[in-house]
Amino acid sequence: MAKLFLSVLSFLLLFGLSFAVRGGSWQQGECQIRSINAQEPSYTIQAEGGVTEFWDYKNEQFQCAGVSIRRHRIQPRGLLLPSLSQRPCSSLCRERFGRGMFGMMVSGCPETYESPQQSQQSREERSQRFRDRHQKVEQCEQGEIVAIPAGAAHWVYNDCDEELVLVVLHDNANNANQLDRNPRSFLLAGNPERGQEQQQYGQHGTRRGEEHQQLGNVFRGFDVRTLSEVFMVDQETARKLQGHNDERGHIITVQRGLQVIRPPQKGEEYGRRDEEPYSVAGANGLEETICSAKMRENLDKASRADVYNPRAGRFSTVNSLTLPILGFLRLSAARGVLYRNAIMSPHWYVNAHSIIYVTRGESRMQIVNHRGQAVFDGQVREGQVVVVPHNFAVVKQAGEQGFEWVAFNTNDNAMINTLSGRTSAIRGLPRDVVANAYQISREEAERLKFSRRETMIFSGSGRGRVASA
Amino acid sequence: MAKLFLSVLSFLLLFGLSFAVRGGSWQQGECQIRSINAQEPSYTIQAEGGVTEFWDYKNEQFQCAGVSIRRHRIQPRGLLLPSLSQRPCSSLCRERFGRGMFGMMVSGCPETYESPQQSQQSREERSQRFRDRHQKVEQCEQGEIVAIPAGAAHWVYNDCDEELVLVVLHDNANNANQLDRNPRSFLLAGNPERGQEQQQYGQHGTRRGEEHQQLGNVFRGFDVRTLSEVFMVDQETARKLQGHNDERGHIITVQRGLQVIRPPQKGEEYGRRDEEPYSVAGANGLEETICSAKMRENLDKASRADVYNPRAGRFSTVNSLTLPILGFLRLSAARGVLYRNAIMSPHWYVNAHSIIYVTRGESRMQIVNHRGQAVFDGQVREGQVVVVPHNFAVVKQAGEQGFEWVAFNTNDNAMINTLSGRTSAIRGLPRDVVANAYQISREEAERLKFSRRETMIFSGSGRGRVASA
Amino acid sequence: MAKLFLSVLSFLLLFGLSFAVRGGSWQQGECQIRSINAQEPSYTIQAEGGVTEFWDYKNEQFQCAGVSIRRHRIQPRGLLLPSLSQRPCSSLCRERFGRGMFGMMVSGCPETYESPQQSQQSREERSQRFRDRHQKVEQCEQGEIVAIPAGAAHWVYNDCDEELVLVVLHDNANNANQLDRNPRSFLLAGNPERGQEQQQYGQHGTRRGEEHQQLGNVFRGFDVRTLSEVFMVDQETARKLQGHNDERGHIITVQRGLQVIRPPQKGEEYGRRDEEPYSVAGANGLEETICSAKMRENLDKASRADVYNPRAGRFSTVNSLTLPILGFLRLSAARGVLYRNAIMSPHWYVNAHSIIYVTRGESRMQIVNHRGQAVFDGQVREGQVVVVPHNFAVVKQAGEQGFEWVAFNTNDNAMINTLSGRTSAIRGLPRDVVANAYQISREEAERLKFSRRETMIFSGSGRGRVASA
């Protein structure tokens, strides 16, 4: 499984939300981060069609950053049931072959994917045929970011033969969240968190146990007669909406495969059209609205790199300038690849926390706070999460296998400041300031400023890495 | 009184404030709303010219939403003394006949309402005449929204023969409020809260008692000699500014009626001009500034409805697109009318709390949280307030007499998502997702999606309503 | 020293930060300010080249306003080492003669100040010559405001013969700060707070003692081998970056004076060019980027006054309309000068806290809360700080020597409302409202509205002032 997982990661979705401004986070308690750890999931909820792993959102580093993280592992033909996120979230997923698929319901947007309705048919005939109308369905490709406004319901379906893994970041401190900071998902269907729960950390056990009583999707709270009337269906159907006896959990398996209306895939034959009808998008006059806003950006392609060093690796970012909807979400993301022994320049984010999810390989990371203390110095491995708080300095040194990660940043235009290299703060200082500040000669100051000519991704000898404990 | 009150409600003002962004509310404590109640005022402050009723702002649902609510009942010729609100607030008022009137002082805006100054007159003559100059005075009409920037002083006068009722919402969590979340009003005149206080709930009694010591308007805190110098008046007048012996409270009665400069009313004869001078607005070159920004919007007219179903009712909203100043205030409002037995589709707000004030009739309401638990299922009646938290789903079923309400939403562009009907989330889902999610047949899924063809306001049988406890 | 200090103050820098919105401040605890005091620094940190004095940020008034204040006193040839502020800050400084100088490193901005590189020279020769390239260096002049984006590293050098004093305001409640509200500075060099510390208030002693363990600049937290590799320098130089044995503190003395590349000063001879090379700014095509945004505004010149009364004084403001970068910083500033016995009209800020730093003279100040209680009534003197909370009313009456101050306001467009004078709230009220509200005659109401014809800065008799305790 671990092996499969390794290759499965690398496709990334960034769900977010509109009209949001990050609140002054963690205003109450202190956020005196003295120590940071690489985190792995602390508990798991099993469902019919997959499993969801949760990082402990009560952990100080997630609390300070105001985020929570979870990872969905969706089996082939697994369907993550429609839910709505209360706050911006980012997910990262990848499947090796084939297609993942997700749908998003934006209120008031029309159902633009529809099957043709032949008016000549008898009513009898029509009811036998595949006949539907729904909102846009998106295909996942490797390395994409997708932004979904908070409160928009969405579902995900694994349409391929390998496990689909999504890493989801919720931005609980986002001001679009008007409730407290606890992570919440509102489900439209299914019986959430009913499956077997494995909790690795004991401390929040009682709490969660209590929370799990009487859980259910949003229809569970309504009266059956009300539902029956509201949907104009019989009470039996209304009762099914509530899913009382549904033991499948929040990820279900679609036995015969999910049939939806969508455009043909690249490589699909024209001949398939008859079997799978698709809408002629572009004909409904709504192309320029939020209903058809661009939600995805592919960060995984090497050709898309924003910083590229053929001997060291690459670094790509997506922000509100490249994907405008991120301006509403107040989130951005970056994708980094370090080759063997390469180094990412010591840097800090000027206006954001950075939540790093390791997608491949291993690296030594050092994180330093404003007191010059190392709050983290250790190895991070695939599948781990590390939070680099706002303004804390960090350096990464890839191991023998290289290192790949995705960073979710809590600002739609996260600004990076490097300490070394061509665009660094040290370069901006006059030589005399450097010489006096560090009590070194002018020649040493010159070397300090100008020796490292690379910009952000440095080739390395591996010495620093080997030196780690 | 109750009967009068019934008809008196329905005019609505929405006061707000500029450059504000809602803070991530209730960041500290948890906001685990397990139960919501329809609230009535918990204490009352009596004054000469009327009474103000306060909802208990310490109540969890108001704390979670970050708002507080009060209701002014102003008697004929009652004058709510000038005060300034520290945060956005919305008020709702209506008078049956005649006119209410309010004034707002925006700093630096000129006094554009002035009486003509005949230069030929002797000084003696002039001082006998009505002679004044002040900022704009607005007339209230039924069903209007008025937005007033926070910190702008304002007063209200009841110029008709019936009680004038205003329901005021303060948005304490708004970021334009830079102090804590306790509701505060700064008074420019009068002796606030000096009247008889009736407190219905005992729990905050001690607290409030303490707060009431030494209350007074803002001039009370200044030295009399300072005031005398600052206004260049004698100390006796300066002392009157402080209102030490004023027992009239925050609403006073104007014995001979209030005389202000204002344009003639519709229906007023041209002949009245001589008696009541008015300014020729439009001649001062300031029309396009904030000083003359549009502050009001009428939501009450049926012809103004945004959603209209002749068999079920109507729904109207005002947001920053219809009243631009709301963009600064980060608040919006909606007005709903349900006819007998009609239903408002189950829905949630994507980005706002919704504070519902019932203006007429009765309804069953069900509110469901993210766990599928009903946090409220009961009847709400005229004069009650219910908070629907962000993302919680709600359904309303009007009683035999119909149901009317106003909702104040804590976002200037509150987005609504319905669960049923033509624009609902369920409609946006592919049929197969619905069928698999709820374990129903494709035919049932089709019925679920397409049976209810109305958009948001549904005609109803009354069955759901009767079913309520 | 006090005398020198007196004249030394009056130059002001306003550091700030981008994409920031003030959080709903002090959301948790109550902010029931019952009493305000004029504050002086509570502890001091001594360094080689100067001293930094801190106001106690745990004080309620600073906590409510969400700010902290410190004052740097930099000796001649003192260099405040490069640091980066995590949040918006404002500093106020002045030197009597000569020049102060500061540099700011904005990430990714080019080094636009460079010495000419004669290509004909041999490598040997070049290394002997002054040869450097760095980002822009700014000259301080009296009365300027400078805005620096948060997270941008900056340094300050005292290039004249008198002490240079900077008063720095940090806006900890600004939303660009994503950590908690404790003031933090990240140092790039030096050994902060190692000098002798004099603590005047005992209450936070233990706390601070603990904090001071293991302090250091940001390089201290990194591994020496990592630094060596990252900068491509030997380990000895890398170790010097960490400054382990550096006893000079955060302000050092540059023995032979600091040599940087900069344009000639006004009054410098053309002949000096050869000695001090300068860049031809304007030739690099980057003039319109953030890298060359205008960061400074001079508030000290009388000719710049926004409000001017030849008998009473003047008042100048800088906000996002006059210095656009303040729009990102969400801060503004004002400079006031009252002549002998003059009065600043009672006023309140509609949307900001106002933090007043007294630069010269003495004044009686009265601050009144929303209950009409005087929370402060006393004398304030040069070097003291007073916080006027959002919406609290304040009046200032200068003493015999006049009164000068700078106010930092926590909104980029702080709006002022006066209670008396030509643009006051009282003037905006209809005469009848005034007469009824204060139970005075119409004639008295007219006098109250129209007697004081000055706008904001009033000439005074000195009576009010003398009356103070």
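**A tour of selected helices and salt bridges**

B:Arg360 is partly exposed in this predicted model, with a relative accessible area of 29%. Select it together with B:Glu404: the two form a salt bridge whose closest N and O atoms are 3.3 Å apart. B:Glu404 lies in strand S25 (residues 393-409) of chain B and B:Arg360 in strand S22 (residues 354-368), so the pair ties together parts 44 residues apart in sequence. B:Glu404 is buried, at 16% relative accessible area.

Next, select B:Arg364 and B:Asp377, which form a salt bridge with the closest N and O atoms 2.9 Å apart. B:Asp377 belongs to strand S23 (residues 374-381) of chain B and B:Arg364 to strand S22, 13 residues apart. B:Arg364 is buried at 2% relative accessibility, whereas B:Asp377 is partly exposed at 44%.

Remaining in chain B, turn to helix H6 (residues 235-242), where B:Thr237, B:Ala238, B:Leu241 and B:Gln242 are buried. Viewed down the helix axis, these residues fall within an arc of 160 degrees, so they line one face of H6(B). Their cover includes helix H5 (224-231) of chain B, as well as helices H9 (431-438) and H10 (442-450) of chain C. Just after H6(B), B:Gly243 takes a positive phi of about 60 degrees.

Now move to chain A and select helix H10 (residues 442-450), whose buried residues include A:Leu448 and A:Phe450. Among the elements covering the buried residues of H10(A) are helix H9 (431-438) of chain A and helix H6 (235-242) of chain C.

Finally, select A:Glu53, A:Arg71, A:Arg73 and A:Glu163, which are linked in a network of salt bridges.

Conventions:
Residues are numbered from 1 along each chain as its sequence is written. Chains are lettered from A and ligands numbered from 1 in the order in which they are written. This is a predicted model: local features need pLDDT of at least 70, side-chain atom pairs count only at pLDDT 80 or more; totals for chains, interfaces and linings use all residues. Side-chain values use heavy atoms; hydrogens and water are left out. Buried means under 20% relative accessible area, exposed over 50%, partly exposed in between (1.4 Å probe, protein chains only). Helices (H or I, at least four residues) and strands (E, at least two) are DSSP runs, numbered from the N terminus. Contact means heavy atoms within 4.5 Å. The arc is that of the directions from the helix axis to the C-beta atoms. A salt bridge is a side-chain nitrogen of Lys or Arg within 4 Å of a carboxyl oxygen of Asp or Glu.
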